[in-house]
Amino acid sequence: MEASFYHAKTRYPGILGWIFTTDHKRIGLLYLIASLSFFAVGVSLGLTMRLELIRSGMHIISAQTYNAVFTLHGVVMIFLFIIPGIPSSLGNFVMPLQIGARDVAFPKINILSWWLFMIGGACAVTSLFTGGGAPDTGWTFYVPYSIRTGTNISLAVFGVFLIGMSSTLTGMNFLTTIHRLRAPGMTWKRMTLFTWSIYATSWIQLLATPVLAITLLLIIIERFFGVGFFDPAKGGDPILFEHMFWIYSHPAVYIMIVPAMGVVTDIIPVFSRRNIFGYSFIAASSLAIAFVGYLVWGHHMFTSGMSDTARVIFSLLTFIVAVPSGIKVFNWIASLYKGSITVAAPLLFTLGFIFLFSIGGLTGLVQGALATNLHVHGTYFIVAHFHYVMFGGAAMGFFAGLHYWFPKMFGRLYEEHLAKFAWVLLFVGFNMLYFSMFVLGWEGMPRRYYDYLPRFNGPNLISTIGSWVLAAGLIIMFYNLVHSLVAGREAGDNPWKASSLEWQTTSPPPAENFEKVPEVTTGPYHFV
Amino acid sequence: MVTGWPNLSNPADETFYFILGISLTFLALNTGVMIYFVIRYSKKRHARAEEVRENTPLEIIWTVIPTILVLAIFYVGWKGFVYMRTAPADAMVVRVTARQWSWTFDYANGKETNVLKVPIGKPIKLLITSADVLHSLFIPAYRIKEDAVPGRETHLWFLPNEPGSYDLFCTEYCGVGHADMTTKVEVVPQKDFDAWYAGAAPAQKETPVPEAHERAPKRSARADEGAALLSTKGCLGCHTVDGTPKIGPTFKGLFGKKEAVIHEGKETAAVADEAFIHHKLLEPEDARIKGFPPIMPSQKGVLTDAEIDAIIEYLKTLK
Amino acid sequence: MSELAHTEHRDYTGAKLGMWFFLFTEILLFGGMFLVYAEFRQVNTAGFHEAGTEMDLFIGALNTVILLTSSLTMALSISAIRKGLKNRSLLLQAITVLLGIAFLVNKYFEWSDHIHKGFYPDSPQLLAKSHGQILFFGLYYVMTGIHALHVIIGVSIITFMFVLTLVGRISGGDYVKLENTGLFWHIVDIIWIYLFPLFYLIT
Ligand code: HEA
Ligand code: HEA
Ligand code: CUA
Ligand SMILES: [Cu+2]
């Protein structure tokens with residue numbers, strides 16, 4: 001038997017063998033470490049905000065600091081944690097294994113992407129300490145404010161630009177890989193649904209990210225040269241910026257959720273020991289989300305002053321894009337029917353995902369309806385919605401995948417009881433923290449406020465207490481995972497008795513993934 | 001003071017309850033079935049799984065039903081929206097200007113205030129614009145908001161039907177004073193409104209006049225004008241006149257003081273004289289006073305030269 | 001290459017497919033700017049018309065001819081290497097690089113001329129003009145500027161390919177890198193074909 005990729009001979013010794021590697025598994029782990037570190041930064045900022053918001057009045061940080069904190073919190077969570085989170089880390093590690101490839105199509109571009117990502121992240125973080133002070137625009141960088149403020153926007157925006165390039169290259173790489181490097185017999189309909197979701201995500205990355213790139217470039221150009229595209233005094237149009245920003249950023253929310261949907265689709269059959277229900281409908285709905293999701297950006301601008309006709313059209317399209325998500329939810333539930341179910345930690349996280357994502361998605365309908373949007377836009381209702389879909393959805397899916405593929409990556413098992421205990425805390429804390437925000441939002445509390453009227457005190461307090469419960473859950477979960485890296489039980493090659501290709505090699509896999517490229521004869525969920 | 005919601009038959013609420021009903025039904029059904037399956041088909045109770053691959057009629061059902069439901073939601077939302085966007089022809093028009101970080105309401109007869117005063121039972125149409133960056137005018141009680149966009153006029157309307165004082169928030173992030181850019185909608189009976197509207201009370205009466213007013217009785221009319229400008233233009237959102245620094249430096253004793261300023265990245269000293277203040281108001285980034293964040297909005301196009309002079313006149317009195 | 005044996009295996013179709021995906025993103029990048037152009041032109045037709053008269057049609061046309069020719073020489077250099085004619089391919093690549101540089105030199109003179117006349121972003125002279133004119137010049141500098149950046153990148157890559165061909169890393173048996181470079185160069189060319197009428201012809 002070959003040695004695992006951890007022990008394979010590398011071109012450079014030690015740490016250099018990691019940061020200059022071209023092995024997709026090592027790159028996946030590099031991304032994993034990087035994005036979880038950024039996540040730690042992001043949650044610390046989130047906790048800081050909640051502390052400030054515990055009661056009305058100013059407590060631990062000033063208004064200007066608060067503005068910098070939520071800006072960085074948003075930028076870090078979106079661009080440095082959740083967008084690269086699943087596709088670049090789990091996708092990099094697992095997807096080539098699942099299609100029976102030895103690596104991605106362009107291994108060198110793969111490590112280049114990681115470097116671009118890290119440099120971009122470094123720029124974003126450096127912008128805090130240099131120039132005119134920490135950026136204070138919110139993650140949306142709306143003009144004209146982002147052009148007028150004296151803080152260090154250019155560097156932060158440039159950082160995000162690099163991260164965007166990294167994301168585009170990864171999308172290009174994965175698309176080529178899936179088209180070209182499938183093992184013999186691996187037809188499109190024999191691919192796992194995780195790979196399908198990565199495929200759909202890569203398309204979104206390819207279609208949407210260039211628009212972000214040009215939008216961000218225009219901010220920088222505007223700040224340095226004042227060409228006037230967004231400045232009404234020179235004939236420019238701030239609403240044009242909003243369009244360009246959301247043409248990317250709405251599809252970006254599907255870059256976050258579609259891979260998470262893929263993760264849970266792979267987990268359900270394994271723990272219910274039967275085939276997935278409606279394979280082709282789930283695969284097709286990923287693609288439908290990817291493409292229809294491209295056309296609904298205007299729902300972030302229902303009060304922006306754009307024409308009423310445009311608002312009506314965007315509202316209609318928004319409702320259309322909700323249907324494929326529903327199809328997925330129904331198929332997941334049907335896949336439990338007549339199974340033989342073991343509720344292990346990955347499945348528990350998956351069930352949590354379905355519940356929390358449904359709440360997030362259904363409240364998306366409230367925002368997508370025109371009459372209600374006029375009330376909830378710009379309030380904590382929105383904040384609650386996107387934490388439900390991004391944290392309750394995408395990040396829960398990420399954690400589910402982390403538990404599921406943990407033995408694949410490290411050859412060891414985490415402590416099952418502790419994992420479940422952490423889940424309970426996460427679930428309870430999560431709902432305390434964010435459900436309160438729906439109430440606040442409907443009562444009219446605006447977002448991005450460092451201070452609020454005393455009448456919003458109650459739910460804010462519950463929310464802050466919830467953040468501590470959630471924090472406890474997160475700490476236990478990560479303690480369990482990190483501790484198990486060294487102290488976990490040996491997992492064996494296939495602890496879940498899964499049938500997809502990544503489990504048919506050793507855990508952790510050898511440098512070249514498979515001793516012999518496998519010949520594929522069945523679908524990925526073959527249990528009975 | 002009433003801060004509750006006077007207008008519960010609002011289409012926003014109707015739409016909300018409609019969506020809530022559908023959502024809760026789905027959420028309860030989905031979660032219920034999910035939990036039932038997990039228990040009923042647990043390994044203990046159901047040792048051997050059975051294969052159920054797919055079922056096209058079922059897929060069609062759960063595609064078509066949600067599609068119909070979301071289209072219904074769309075329709076309800078759209079209908080309410082049309083109502084919420086179409087102001088009745090007899091609405092009273094008030095022009096609103098948002099700026100960092102205050103609101104100004106201009107009435108047809110030239111009255112200008114910082115608090116939106118309206119009579120009961122009369123539809124109010126607001127024509128909104130911004131003097132600097134994006135803002136958004138939000139009145140939770142009337143479930144209505146619309147952005148204030150520089151260089152453009154947007155609109156909204158509402159029907160105040162109960163007396164009281166309601167919150168008005170800024171809901172588009174606009175810088176450090178965003179959370180303080182709040183004011184009130186005062187709904188008063190028609191005759192009180194008329195009295196106020198016809199009254200000679202100058203605009204400035206509506207806003208708290210800087211305290212120093214009383215202490216410096218011998219002040220020119222020009223300085224008085226400056227004092228009033230400080231509050232209508234929102235300067236007092238960040239600066240005080242009593243000596244305590246807030247987001248920006250205090251105005252007390254500012255005039256003629258030597259300040260450490262950051263000019264093109266280097267620290268120098270400057271005296272806050274007429275020329276300095278004039279320049280600072282128009283090009284704030286050019287010389288930033290040390291120890292304060294670089295967030296002062298430029299007053300270009302907001303203050304005329306004459307107004308700036310009036311403000312300086314007033315600052316001179318704040319010893 | 002790397003420590004891994006599998007990277008030795010060559011997948012031409014894969015390499016080209018990847019390149020096409022990448023070019024697709026380039027088109028979208030410029031597509032974003034074309035949208036901005038369309039929106040502003042729609043609103044400020046008169047101002048655009050007036051500003052367009054400031055453009056020097058001759059330089060624009062000359063640059064169009066230069067880029068088109070360079071696309072041709074690029075294509076010829078690929079078919080030369082395919083036939084194993086190394087020296088001819090090298091010559092054609094060199095000509096392509098020179099043409100690219102000629103394009104940039106022209107651009108430099110054109111920009112200097114406009115800046116000299118006082119037409120640059122935020123210039124007092126421009127700010128005194130109508131919104132349409134300010135935006136037209138803004139778009140002109142941004143779009144041709146980002147395009148010129150692509151020309152610079154293209155020229156550098158072709159120079160690099162020249163070296164690879166010289167040392168034999170690109171040859172009749174393995175020329176996919178040169179082919180991909182050619183694809184990139186054609187896209188740069190095609191984008192110019194769209195920029196040219198937008199700024200020089202439609203007045
Ligand atoms: C992971 C990220 C993610 C995902 C998946 C979604 C999914 C959706 N989002 Fe969300 N959204 C965000 C992240 C996300 N969103 C963010 C970050 C913002 C704010 C940005 C900012 O301003 O800072 C935002 C803001 C936002 C707005 C703008 C609000 C405003 O600012 O005014 C709107 C408006 O329409 C919206 C709608 C939707 C809809 C309809 C979906 C749908 O795709 C949801 C579909 C899912 C379901 C519907 C649930 C599952 C289905 C069932 C249980 C079956 C029953 C279904 C039916 C009856 C249809 N979102
Ligand atoms: C995936 C995305 C993601 C995630 C996971 C989170 C997580 C959290 N967010 Fe979120 N948030 C956003 C994305 C996300 N956020 C975005 C995009 C915005 C909009 C920004 C904008 O308006 O521009 C936003 C805005 C936002 C606001 C609104 C700010 C405002 O409008 O004024 C608030 C307020 O409470 C908040 C709170 C939190 C909290 C408490 C967490 C919790 O997760 C935090 C829970 C964790 C802990 C409490 C700590 C746990 C501790 C550890 C694991 C160890 C710690 C490590 C060290 C000490 C090194 N966030
Ligand atoms: Cu004005 Cu926010
Ligand atoms: Cu969206």
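This is a predicted model: local features need pLDDT of at least 70, side-chain atom pairs count only at pLDDT 80 or more; totals for chains, interfaces and linings use all residues.
Of the 2 pairs of chains in contact, which share the most contacts? I looked this up before anything else, counting a contact as heavy atoms within 4.5 Å, and chains A and B share the most.

Residues are numbered from 1 along each chain as its sequence is written, chains are lettered from A and ligands numbered from 1 in the order in which they are written, and side-chain values use heavy atoms, with hydrogens and water left out.

Next I turned to chain C. I found 35 residues of chain C in contact with 44 residues of chain A. Chain C and chain A bury about 3,200 Å² between them, 74% of it on carbon and sulfur atoms (accessible area, 1.4 Å probe, lost by two parts on being put together and summed over both). I also looked for salt bridges (a side-chain nitrogen of Lys or Arg within 4 Å of a carboxyl oxygen of Asp or Glu) and got 0 across the interface of chain C and chain A. Chain B and chain C have no contact, and their closest C-alpha atoms lie 12 Å apart.

Last, a helix pair in chain A. The axes of α8 (residues 238–272) and α10 (residues 308–334), both of chain A, come within 11 Å and cross at roughly 15° (axes are lines fitted to C-alpha atoms over the stretch in contact, with angles from 0 to 180 degrees between N-to-C directions; helices are DSSP runs of H or I, at least four residues, numbered from the N terminus). I therefore noted α8(A) and α10(A) as roughly parallel, the word for angles under 35 degrees. On the α8(A) side the contact includes Y254(A) and M261(A), and on the α10(A) side W332(A) is one of the residues.

Notes. Helices (H or I, at least four residues) and strands (E, at least two) are DSSP runs, numbered from the N terminus. Angles under 35 degrees count as roughly parallel, over 145 as roughly antiparallel, 65 to 115 as roughly perpendicular and the rest as oblique.
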